[in-house]
Every structure is written in C-alpha cells, then in structure tokens.
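Thanks, everyone. Please look at the slide while I talk. I'll start with the pocket.

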Amino acid sequence: MRVTQTVGGSWHTNKLFQNNVNFESGKSYEYSFEARNISGTSTLRVTQQADVIKDTVLTGSFQTFTGTFEPTTSNKNINFFCNGSTSVFELDNISLKEIF
C-alpha cells in the first residue's frame, strides 16, 4: 500500500487507517508491519486513537516493525501516517492481533 503526503504541515493530511477496530481497554495487542520510504523524508507514526504506538524514520529499504500495546480506549481506530513534510511511503504485511 503506497501512501502519498502531498501537502506539508499536517500529520493528518494523508493516512492509512481502519475505523471501528474491536480493541478492548486493558487487553494487550501485537502489531507487525513492513514499511519503507519512497521519496522525501518519512517519519512514520502509528497511533491507536490519539495514543502513539510507534514513531520511526523510514529508510529506502523495507524494514519490519513489531511491538505490543495496550489501548486506553475501546473500539477505536488504528492509523498509519507520515510527518508534516511531503513524502511517499509504502506499507506491507500489516498484522494486528490480540495477545491471549
């Protein structure tokens, strides 16, 4: 999935997101995805609602990112977006699952 940020100055101009994810506050979730920078300078931010899960500067090669988080709110969204400068980045193999 290619995401293009064409207008600088806003983290929220272009993003990949999924609304109404069935998160439950107090449970743990594991994420995994691959990402790379195509052009510009891409600082990737991943959030669950307003909580930052991951913040990282992307390189030109695909990198794999994994981690865990506990949502502070239930049934909200997950967002992938780049920084306030113009840039293009790609995401692949996105996985999100509850840890039992």
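Thirteen residues, written 13 in my notes, line the largest pocket, and Gln18, Ile78, Phe80, Ile94 and Leu96 lie nearest its centre. A pocket here is an open set of points on a 1 Å grid over the protein atoms alone, where a 1.4 Å probe fits, with protein on both sides within 12 Å along at least five of seven lines; lining residues have an atom within 4 Å of a point. The lining has 11 nonpolar, two polar and no charged residues. Nonpolar means Ala, Val, Leu, Ile, Met, Phe, Trp, Tyr, Cys and Pro; charged means Asp, Glu, Lys and Arg; the others, Gly among them, are polar. β2 (15–18), β3, β7 and β8 each supply at least two lining residues. Strands are DSSP runs of E, at least two residues, numbered from the N terminus.

A word on the source. This is a predicted model, with local features needing pLDDT of at least 70 and side-chain atom pairs pLDDT 80 or more, while totals for chains, interfaces and linings use all residues. Residues are numbered from 1 along each chain, and side-chain values use heavy atoms, without hydrogens or water.

Confidence next. pLDDT is the predictor's confidence in each residue, from 0 to 100. The protein averages 82, and 82% of the residues score at least 70.

Last, Gly26. This residue is in the loop between β2 and β3. Its C-alpha and that of Thr73 are separated by 8.7 Å, though 47 residues apart along the chain.

How values were computed:
Helices (H or I, at least four residues) and strands (E, at least two) are DSSP runs, numbered from the N terminus.
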